[in-house]
Amino acid sequence: DGARSGPRPFFDLLNAGKRGFAVDFRTSEGARALRALLERVDVVIEGSRPRALEQLGIDARALVAGGGPRVWVSITGHGRTGEQRDRVAFGDDAAVAGGLVAWDDVGPCFCADAIADPCTGLVAAAAALDALSAGGRWVLDVSLAAVAAHLAGPTIPVPAGTTAPGPPRHRAPSGAAPGLGEHTAELRDRIGIAP
């Protein structure tokens, strides 16, 4: 978790109010604990390549169909299926793969730093809320490259005299983020997972 080793106020801003559950996926106990947790939640949002879950014996479609989570949101670089399913992607290369670029006199260039990441997060959140509202059980495949492709289009002309928006305002964290694994014992007890 790279963000955990970054500036603490930023980590707190993103994670205050969350629970901290940590298991070691390399152990059979850790994999069992993860599966037990996945079977008991309403919504799963994960951002791993399909191969990573398969190596842990986790099948999103089977868990959802078997009465596990109502909604499983899978955020990948290039989708859960097809030749690119296990290809790593980051915001910039996924944006380019989807054609979400700006054009200047030289040619295509990045239109914003890592733009596919926040755009995909917003699309995934909206899709999860829609799926919960619709009822039923869903596995949602939300890829960075596909969201970028959906958003790509002609450049919007900017009228002369338009000023750029101001810089973002600083927001203070609402509390401290949990320590790594801070709530593991509590969660194990609550859902009946043996240590």
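Figure 1. R188 counts as buried because its relative accessibility is 14%, and the cut-off for buried is under 20%. The structure shown here is a predicted model. R188 is found in helix 8, which covers residues 184-191. A36 lies 152 residues away from R188 along the chain.

**Figure 2. The whole chain, for orientation.** The protein has 195 residues, and 32% of them count as buried. Its secondary structure comes to eight helices and five strands. The C-alpha atoms fill a box of roughly 65 × 40 × 35 Å along the principal axes. Take the contacts with a separation of 6 or more: residues 24 or more positions apart account for 72% of them.

Figure 3. N15 lies in helix 1, residues 8-15. Is N15 buried or exposed? With a relative accessible area of 16%, N15 is buried, because buried means under 20%. Its side chain makes a polar contact of 2.9 Å with the side chain of K18. N15 also touches A177 and P178, leaving aside residues up to four places away in sequence.

Figure 4. Three strands form an open sheet in the order 1-2-5, with parallel pairing. Strand 1 (43-46) and strand 5 (138-143) are the edge strands, and each pairs on one side only. From one strand to the next, the twist averages 10°. Strands of a sheet pair through backbone hydrogen bonds, either parallel or antiparallel.

**Figure 5. Close-up of strand 1 against strand 2.** Strand 2 covers residues 71-76. Strand 1 and strand 2 run parallel and are joined by four bridges. Which residue in strand 2 is the bridge partner of I45? The partner of I45 is V73.

**Figure 6. Helix 7 across the sheet.** Helix 7 lies across strand 2 and strand 5. The helix runs at about 70° to strand 5. Helix 7 itself spans residues 144-151.

**Figure 7. Helix 6 crossing helix 7.** Two packed helices are described by the angle between their axes and the distance between the axes. Helix 6 covers residues 116-134. Its axis comes within 9 Å of the axis of helix 7, and the two cross at roughly 90°. Angles of 65 to 115 degrees count as roughly perpendicular, so helix 6 and helix 7 are roughly perpendicular to each other. On the helix 6 side, the contact involves A116, D117, C119, T120 and V123. On the helix 7 side, L144, V147 and L151 take part. By class, this contact has six nonpolar, one polar and one charged residues.

**Figure 8. A172, an exposed loop residue.** A172 sits in the loop between helix 7 and helix 8. A172 counts as exposed because its relative accessibility is 53%, and exposed means over 50%. A172 and G99 are 73 residues apart along the chain. The C-alpha atoms of A172 and G99 are separated by 35 Å.

Methods:
Residues numbered from 1 in each chain as written. Predicted model: local features only at pLDDT ≥ 70, side-chain atom pairs only at ≥ 80, totals over all residues. Heavy atoms only, no water. Buried < 20%, exposed > 50% of the residue type's maximum accessible area, 1.4 Å probe, protein only. Axes fitted to C-alpha atoms, helices over the stretch in contact; angles between N-to-C directions. Parallel < 35°, antiparallel > 145°, perpendicular 65-115°, else oblique. Contact = heavy atoms within 4.5 Å. Nonpolar A, V, L, I, M, F, W, Y, C, P; charged D, E, K, R; others polar. Polar contact = N/O pair within 3.5 Å; in protein donor to acceptor, adjacent residues only side chain to side chain. Pairing = 2+ DSSP bridges.
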